[in-house]
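Hi,

Here is the structure I promised to pass on. Have a look at it first, then read my notes below.

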Amino acid sequence: MTEVIEEVIETKYERLQRLLVDELKEAIELRCSIHGDLKLSIGKFLKSQTVCTACKKDLPIWHEDMLVYPLTKALTELAREKKLKQITEEVLDESN
């Protein structure tokens, strides 16, 4: 009998969801150049990769470049800082 091994590849959005699990309900406030102020949660964004539904529908490339990419980059930086803080605290705890 042949066993099939399925490799699960985690997307960057799934990885951010895992790393930012404590921040998923945090609100994000953004300004869309076309539709004005927007408010959504980190979790909602990571599930849908949508910042502004109207822009995603009418201007998908602009939405990706001007809204999704910068927010994803900022959340990646937040996850990196959180991980660094966690590692630093672990090292300090071990040294005490």
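Predicted model: local features only at pLDDT ≥ 70, side-chain atom pairs only at ≥ 80, totals over all residues.

To start you off: how many aromatic pairs does the structure hold? It holds 1, where rings of Phe, Tyr and Trp (its six-membered ring) pair if their centres lie within 6.5 Å, and planes under 30 degrees apart count as stacked, over 60 as edge-to-face and the rest as tilted. Tyr13 and Phe45 make up the pair, with 6.2 Å from centre to centre and 80° between the planes, so by that definition it is edge-to-face. Tyr13 sits in helix 1 and Phe45 in helix 2, so the pair links parts of the chain that are 32 residues apart. Helices (H or I, at least four residues) and strands (E, at least two) are DSSP runs, numbered from the N terminus. Tyr13 and Phe45 are both buried, meaning under 20% relative accessible area, while exposed is over 50% and partly exposed is in between (1.4 Å probe, protein chains only).

Residues are numbered from 1 along each chain as its sequence is written, and side-chain values use heavy atoms, with hydrogens and water left out.

Now the cysteines. There are 0 disulfides here, a disulfide being a pair of cysteine sulfur atoms within 2.5 Å. Cys52 is in none, and its nearest cysteine sulfur, in Cys55, is 3.6 Å away. For Cys55, the closest cysteine sulfur belongs to Cys32 at 3.5 Å, which is too far for a bond. Cys52 counts as buried because its relative accessible area is 4%, and Cys55 is buried too, at 0%. Cys32 stands opposite Gly36 in strand 2.

That brings us to the strands. Strand 1 and strand 2 (residues 36-41) pair in the antiparallel sense over 6 bridges; two strands pair if DSSP finds at least two bridges between them. A hairpin of 3 residues joins strand 1 to strand 2. Lys39 lies in strand 2 and is the bridge partner of Glu29. Is Lys39 buried or exposed? Lys39 is exposed, because its relative accessibility is 60%. If you leave aside neighbours within four places in sequence, Lys39 is in contact (heavy atoms within 4.5 Å) with Ala27, Ile28 and Glu29.

Next, helix 4 (residues 60-95). Its 36 residues should span 52 Å at 1.5 Å a residue, and the end C-alpha atoms are 50 Å apart, which agrees. The expected span is 1.5 Å times one less than the number of residues. There is a kink of about 35° at Val68, shortly before the proline Pro70; the bend is the angle between axes fitted to the seven residues ending there and the seven starting there. Which residues of helix 4 are buried? They are His63, Leu67, Val68, Leu71, Thr72, Leu75 and Ala79. Their cover includes helix 1 (12-19), strand 1 (27-32), helix 2 (42-48) and helix 3 (53-58).

Most residues other than glycine have a negative phi. Gln49 counts as partly exposed because its relative accessibility is 26%.

Cheers
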